[in-house]
Amino acid sequence: MNVKFFSAQAYDKTFFDKANQHFGFELEYLEAPLNVQTARLAAGAEAVCAFVNDQLDSACLHALHRHGVKWIALRCAGFNQVDLDSAKALGIKVVRVPGYSPEAVAEHTLALILTLNRHTHRAYNRVRESNFQLNGLLGFNLHQKTVGVIGTGQIGLATARILKGFGCQVLGYDPYPSDAFLAIGGTYVRLDELYSRADIISLHCPLTPENHHLINGPAIADMKRGVMLVNTSRGGLVDTRAAILALKSGQIGYLALDVYEQESEFFFRDLSDEILTDDDLSRLMTFPNVLITGHQGFFTEEALTQIAEITLSNLRELNTTGACCHQVA
Ligand code: NAI
């Protein structure tokens, strides 16, 4: 089987080539992102392997179909970047990698929370300038704080488990509550109650058309003044402009983002020699209480190993049975 990878980075090649020793597929790595303009590069491949910011809209899927692509293997958990109805109509099967190392994202979430809370990002720079003053670095204990987890699936649960270890009270909101969350001592509440009680709010739900801009002006107004908001899920969950206004007024006290609404134009690329054209991203980067990472929650050895293994086994399952347990279309 010939598989063409889009948005491929050097680390994709490292981990997929290693996993492919057990599969023997023909893998070709393209740096180009996948969209309607680049879909023709898939010609000759039975499958394409795509990532979070590839744009698999209806036009792109039609182009892939014209070039003979039968399967799309997403090397990520989320699938909001794919027009699933068009894929189904064209008979293109789409598989993903659910639940690979949820601890990778959960631990990154904690890294963001602790960095912002203890101002480690500022302390690091200060000490390098031989400035050992503590003014401005005052933090707070996580112990006995209330944390609201929105989406208590695999990553939300792993995050809640770590937070319980810090002695936090963990509130959860999920339209599909889980016994596992209750078993670790989490408490389910309504969303408005979570907003009003939580000192820290962390997003772990998928992005869907229904929850686009879930965190908008009115939602932020319902939160505690000075709340810490953490988004390691998908950028479109947060209305960036509303978050900027709330940072300016002090309603949001800390903001950590591993994902950003317009990230497809910027993330996973070195733009250090260029002028950043996104005014919202530029503004966010000026706040001392905002911490941004470039969608690296998944980026651990363990997670990349599992992503490669599961992606290739999804394709083998499709190839041998015509269906796959991780199929979303
Ligand atoms: P999962 O499917 O195990 O859990 C998602 C949970 O969200 C489910 O329990 C679901 O019922 C709940 N949910 C759905 N809509 C909701 C809503 N409107 N409000 C509250 N809860 C809602 O997924 P998993 O593995 O925990 O991943 C969660 C998300 O994390 C993914 O969809 C993806 O967007 C993001 N992610 C980010 C990564 C990163 O590198 N930053 C890496 C992997 C995933």
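**A parallel sheet and a buried threonine**

Let's start with an open sheet: five strands, parallel pairing, in the order 2-1-3-4-5. Strand 2 (26–29) and strand 5 (93–95) sit at the edges with a single partner strand each, so one side of each has no neighbour in the sheet. Keep in mind that this is a predicted model, where local features need pLDDT of at least 70, side-chain atom pairs count only at pLDDT 80 or more, and totals for chains, interfaces and linings use all residues. Residues are numbered from 1 along each chain as its sequence is written, and side-chain values use heavy atoms, leaving out hydrogens and water.

- Helices (H or I, at least four residues) and strands (E, at least two) are DSSP runs, numbered from the N terminus.
- Two strands pair if DSSP finds at least two bridges between them.

**The sheet**
- Strand 4 (residues 71–74) and strand 5 run parallel, joined by three bridges.
- In that pairing, Ala73 stands opposite Val95 of strand 5.

**Helices on the sheet**
- Helix 1 (residues 10–19) packs on the sheet, touching (heavy atoms within 4.5 Å) strand 1 (2–5) and strand 2.
- Helix 12 (residues 301–321) packs there too, and touches strand 1, strand 2, strand 3 (47–50), strand 4 and strand 5.

**Zooming in on Thr232**
- You'll find Thr232 in the loop between strand 10 (227–231) and helix 10 (240–249).
- Thr232 is buried, with a relative accessible area of 8%; buried means under 20%, exposed over 50%, partly exposed in between (1.4 Å probe, protein chains only).
- Not counting residues up to four places away in sequence, Thr232 touches several residues, including Val105, Leu203 and Asp258.

Definitions and conventions. Axes are lines fitted to C-alpha atoms, for helices over the stretch in contact, and angles run from 0 to 180 degrees between N-to-C directions.
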